[in-house]
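User: Please look at the model below and answer some questions on its helix packing and backbone.

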Amino acid sequence: MTLPILPASAFKAPTVLLSGAVDYAMYKDFRQQFEPAHEQDLVVIELSTLGGDPEVARMMGEDVRYHSEMNPEKRYVFLGKAAIYSAGTTFMSFFAKSNRYLTRGTRLMIHERKMDKHLHVQGPLTTCVAAVKATLHEIETSIAIQNEGFANLILGSSVTMEDVLQRAPANWYLEAEEARGLGLIEAVL
């Protein structure tokens, strides 16, 4: 079923308004605004962010995914405003392409997850091997989670996984019209 493109008037009073760092404070704010929204047929979630915690973005995204699946008669729509960087793009990836909108001039930024960890190897050799393997497993799992998000983001677009994996390490910035042209979003308002 193809959903109609929403007119700008549908975004006049978003149900959920979020801005700032994607963190646990944002998640709390999101939940407080999102819970009462289930009475509405159209739930617009507006976001502007320079990024933050990708796991918090995934938590918010899973809430949207879950409610979208449980209430298929309702429409949950993403509206990105000004800057949707990093974790904001991760959150957007949980919305179906037909439910992703950006305002004019908005920039998306897609990048790989980052890690800042020091590995200090000291002690019995078997313990050293375990510590190194644990860090390697953490990196491998983070890459798998990252790539799941990339796959969701590009689903239904002309962007390939190879494109994302090539551009993401250097922070891939896209203007709203470019994102629309690539099929990453439905429309620009």
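User: At what angle do helix H1 and helix H2 pack, and how are they arranged to each other?

Analyst: This is a predicted model, where local features need pLDDT of at least 70, side-chain atom pairs count only at pLDDT 80 or more, and totals for chains, interfaces and linings use all residues. Residues are numbered from 1 along each chain as its sequence is written, and side-chain values use heavy atoms, with hydrogens and water left out. H1 (residues 24-34) and H2 (residues 54-70), both DSSP runs of H or I of at least four residues, have axes 9 Å apart, the axes being lines fitted to C-alpha atoms over the stretch in contact, with angles from 0 to 180 degrees between N-to-C directions. They pack at about 20 degrees, and since angles under 35 degrees count as roughly parallel, H1 and H2 are therefore roughly parallel.

User: Which residues of H1 are buried, and how are they placed around the axis of H1?

Analyst: With buried meaning under 20% relative accessible area (exposed is over 50%, partly exposed in between, for a 1.4 Å probe and protein chains only), the buried residues of H1 are Met-26, Tyr-27, Phe-30, Gln-33 and Phe-34. Their directions from the helix axis to the C-beta atoms fall within an arc of 130 degrees, so they line one face of the helix.

User: Where does Asn-171 lie, and what is its phi?

Analyst: Asn-171 is in the loop between helix H5 (161-167) and strand S6 (172-175), and is partly exposed at a relative accessible area of 26%. Most residues other than glycine have a negative phi. Asn-171, although not a glycine, has a positive phi of about 60 degrees.

Methods: Helix = DSSP H or I, 4+ residues; strand = E, 2+ residues; numbered from the N terminus. Parallel < 35°, antiparallel > 145°, perpendicular 65-115°, else oblique.
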